[in-house]
Amino acid sequence: MNDIRYLVLEDGTVHEGYKLGADAESSGEIVFNTSMTGVQEIITDNSYTDQIITFSYPLIGSAGFNFEDSESLLPTAGGVVVREAAEHPSNFRCDENLDQFLKRHGIPGISGVDTRSITKKIRTGGVMKAMITDSSDHDSTVLKIKDSRDATDQVARVSTGTPYISTGVGPRVALLDFGKKENIVRSLNQRGCDVTVLPHDTPAEQILDMKPEGVMLSNGPGNPEDVKVAIETVKGLIGKVPLFGICLGHQLIALAGGAASYKMKFGHRGANHPVKNLLTGKVEITTQNHGYAIDGGSLENTDFEVTHTALNDGSVEGIRHKSAPVFSVQYHPEAAAGPHETSYLYDQFIGMMTTEGGQTNA
């Protein structure tokens with residue numbers, strides 16, 4: 001049996017490795033994540049829809065995978081690239097290894113390649129398209145990659161189709177699902193919130209008719225400018241109900257407020273990104289996963305101000321409305337996996353909901 005598999009990049013670079021995961025071919029944008037832990041949470045984060053995830057850490061899956069920690073029931077990542085996949089994980093909660101997990105979800109992967117050289121290439125040249133394939137006709141593969149088009153419907157594919165409730169005894173929260181991580185719901189439930197998860201295209205009028213005490217905008221995949229229906233929804237919510245946005249939700253709030261977004265050279269994906277809170281002067285270590293960001297200069301003539309910036313590149317990491325109870329962050333305060341020191345933002349959202357017209361101190 002031929003176990004050889006190839007990772008072919010858009011620029012013609014070919015990496016030969018070994019088959020991992022599903023017996024399938026996959027193409028998409030190739031990105032890298034620098035995390036050393038939280039592999040299950042990363043692969044099941046639907047913000048990676050259609051993307052090929054390269055793990056820069058050399059050994060992946062040593063703790064295995066279980067049936068409890070996934071951030072989505074049906075992961076939608078395009079593929080997984082690792083230096084070495086742990087075949088015999090060691091953890092009392094382990095139910096399967098990386099190869100078995102990927103096969104069960106139909107996700108192809110490749111092992112035995114130099115993931116750090118791939119990471120360096122992306123950092124130098126920027127994100128590019130790639131393909132995981134068993135074909136040795138690399139010229140044809142490169143042509144396929146260059147002929148492929150970027151999808152614009154990722155949010156619609158990963159959002160819930162119907163509303164559902166995760167009950168609690170506290171404030172009523174409407175969560176717009178753009179590809180949410182389950183730990184957002186868990187974080188709200190842990191604070192007693194009664195959460196109603198809504199489809200991404202739920203109009204503002206319908207949300208307000210529910211009389212929620214607050215609205216959360218989740219993370220999700222793709223270009224925020226493609227989610228035009230959600231931008232209009234946010235416009236109809238600002239000033240009428242407390243809003244808290246995370247990652248894509250943060251970008252949608254900024255766009256609704258009149259700001260602009262841009263695609264980053266290689267994005268932020270990892271669990272150790274330093275962010276400065278401009279209001280407290282403190283530096284927080286954050287979990288991040290995004291390829292787009294908000295143009296700080298475009299916020300100058302809006303009703304929003306910057307509250308957090310990334311120390312690595314100065315990009316915008318948090319904003320708040322100057323008068324309405326609205327704030328958002330580019331990173332993930334629910335972590336999963338990663339540091340928990342920014343989880344206070346959920347408590348701040350609770351405070352906004354229980355203090356009418358409260359101003360955020362993000």
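Is Asp50 buried, partly exposed or exposed? I looked it up, and Asp50 counts as partly exposed, at 25% relative accessibility.

**Ground rules**

I'm working with a predicted model, where local features need pLDDT of at least 70 and side-chain atom pairs count only at pLDDT 80 or more, while totals for chains, interfaces and linings use all residues. Residues are numbered from 1 along each chain as its sequence is written, and side-chain values use heavy atoms, with hydrogens and water left out.

**The whole chain**

I started with the elements and found 10 helices and 19 strands in the protein chain. These are DSSP runs numbered from the N terminus: helices are H or I with at least four residues, strands are E with at least two. The radius of gyration is 20 Å, close to the 21 Å that the globule rule gives for 362 residues, so the chain is as compact as a globular protein of that length. For the record, that radius is taken over C-alpha atoms, and the rule is 2.2 Å times the number of residues to the power 0.38.

Along its principal axes, the C-alpha trace spans about 65 × 45 × 40 Å. I noted that 57% of the 362 residues count as buried. The chain exposes about 15,000 Å², with carbon and sulfur atoms supplying 47% of that; the areas come from the Shrake-Rupley method with a 1.4 Å probe, and for residues only the protein chains shown count as cover.

Next I checked contacts, meaning heavy atoms within 4.5 Å. Taking those between residues at least 6 apart in sequence, 73% join residues at least 24 apart.

**Two positive phi values**

Back to Asp50: it sits in the loop between α1 (39-43) and β4 (52-55). Its phi is near 75 degrees, a positive value in a residue other than glycine.

Cys247 is another non-glycine with a positive phi, about 60 degrees. I found Cys247 in the loop between β14 and α9 (248-256). Cys247 is buried, with a relative accessible area of 2%.

**Helix α9**

I went on into α9. Nine of the nine residues of α9 are buried, so the helix is largely enclosed by the rest of the structure. Among them are Leu248, His250, Gln251 and Ile253. Just after α9, Gly258 takes a positive phi of about 105 degrees.

**Aromatic rings**

How many aromatic pairs are there? I get five. The rule pairs rings of Phe, Tyr and Trp (its six-membered ring) if their centres lie within 6.5 Å; planes under 30 degrees apart are stacked, over 60 edge-to-face, and the rest tilted.

I looked at Phe244 and Phe327: their ring centres are 4.4 Å apart and their planes at 10 degrees, so the pair is stacked. Phe244 lies in strand β14 (residues 243-246) and Phe327 in strand β19 (residues 326-329), so the pair ties together parts that are 83 residues apart in sequence. Both Phe244 and Phe327 are buried. With Tyr346 and Phe349 they form one aromatic cluster.

**Spot checks**

Val158 lies in helix α5 (residues 154-158) and is buried, with a relative accessible area of 13%. Leaving aside neighbours within four places in sequence, Val158 has contacts that include Asn46, Thr76, Phe178 and Pro221.

Val169 is in the loop between β10 (164-166) and β11. Val169 counts as exposed, at 86% relative accessibility. Its C-alpha atom is 9.2 Å from that of Arg191, which is 22 residues away along the chain.

Ile145, in helix α4 (residues 138-147), is buried with a relative accessible area of 0%. Beyond its neighbours within four places in sequence, I found Ile145 in contact with Val8, Leu9, Glu10, Lys129, Ala130 and Met131. Ile145 and Gln330 are 30 Å apart in space, C-alpha to C-alpha, and 185 residues apart in sequence.

How values were computed. Buried < 20%, exposed > 50% of the residue type's maximum accessible area, 1.4 Å probe, protein only.
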